[in-house]
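Trainee: I am new to this structure. Can we go through it term by term?

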Amino acid sequence: MAEKITAYRFDRLDQTLSQLNKEDCVIMAGGTDVMVLHKSRRGVPPKISRPIVFIDHLSELKQVYQNQRDLHIGACCTYSELLENKLIPMPLKNAIKTIAAPAIRNRGTLGGNICNASPAGDTLPLLYVYNAKLLLRSVNGDRVVAISDFIQGPRRVQRDQNEILAEIILPSVLEEGSHVVFEKVGNRNADAIAKVGFAGYIRINDAQIEDVRFAFGAVGPTMVRSIDIEKKLLGKTIPLADADIAQVVAAFDKIIKPIDDQRSTAIYRKKVALNLLRYFLSMKQYQPN
Ligand SMILES: Cc1cc2nc3c(=O)[nH]c(=O)nc-3n(C[C@H](O)[C@H](O)[C@H](O)COP(=O)(O)OP(=O)(O)OC[C@H]3O[C@@H](n4cnc5c(N)ncnc54)[C@H](O)[C@@H]3O)c2cc1C
């Protein structure tokens, strides 16, 4: 017989936060990771030892709006909703289109992808190069943390038991002249978990690099990004000299340390990651998007 599970579904966010403050619960947004994580053998309902609190319906967590130069995205917006929203930047939409299939995209949320903290989470490389900030809300108030500080390792995030990720803030998304790409290598164009993910961000002024950022997914316990390596390219002229490209690729070669698993090999992952970086750096022109 199926075991009883306590589940809460409050009308408002403040009621939800108050419950989280009293009791350690499993937060369920779309549930597409939670249900897999707790799955039992075929025909047997999932085993979830703590009470569940549903948040997917809370309108406070589903707003998308601009505040000055920042874009605020409600953590419980589903992928399908984000694809329909005019404010969402095209590179993020391109990444979302590679995630799973429409049924999962109708349930899965951006906040869930972040809090699940999988090294292969497809939105994460882009969120790292956008310097995304996360707004965490609890009965004690709000705090804002950089995504790179929030995600600590595979399925490990710096979230207190009483906190909900309320909004994802993209501070630089509206910076003029930036060119941003997302590339995912998997067995298929979509409905496949990434073997390698890559996001590149570059802003040029008068042929000189003003800002440049790279993040790699699925090649380490969490996204690989190095501000020290990025700095080496500031002020350089486009197109980049072969020696500059080689220097940056060699520097990432040292810090990208993938593993073999059921999806790919470490050797393949490293080769592809460095090829994607080389390809991005070798572009003759970067069109703002
Ligand atoms: C068939 C299938 C295919 C998939 N394909 C892909 C893919 O191609 N690429 C990819 O990146 N992922 C993929 N996923 C994983 C999953 O769909 C995504 O990670 C999705 O974004 C998770 O969102 P969710 O709302 O379903 O999260 P949930 O399962 O509800 O939650 C995930 C985790 O985050 C926590 N959480 C969720 N929201 C919040 C919040 N607002 N505040 C605090 N904690 C929160 C939960 O407690 C849980 O620990 C796939 C999953 C399935 C089942």
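Mentor: The protein chain is divided into domain 1 (7-170) and domain 2 (178-282). The bounds come from an automatic or database domain assignment. This is a predicted model: local features need pLDDT of at least 70, side-chain atom pairs count only at pLDDT 80 or more, and totals for chains, interfaces and linings use all residues. Residues are numbered from 1 along each chain as its sequence is written, and side-chain values use heavy atoms, with hydrogens and water left out.

Trainee: How many residues does each domain give to the contact?

Mentor: Domain 1 gives 21 and domain 2 gives 24. Contact means heavy atoms within 4.5 Å.

Trainee: What is the area buried between domain 1 and domain 2?

Mentor: About 1,800 Å², with 67% from carbon and sulfur atoms. Buried area is the accessible area (1.4 Å probe) that two parts lose on being put together, summed over both.

Trainee: Why is the meeting of Lys184 and Asp122 called a salt bridge?

Mentor: The term needs a side-chain nitrogen of Lys or Arg within 4 Å of a carboxyl oxygen of Asp or Glu. The side chains of Lys184 and Asp122 meet at 2.6 Å, N to O, so the pair qualifies. Across the interface of domain 1 and domain 2 the rule finds 1 salt bridge.
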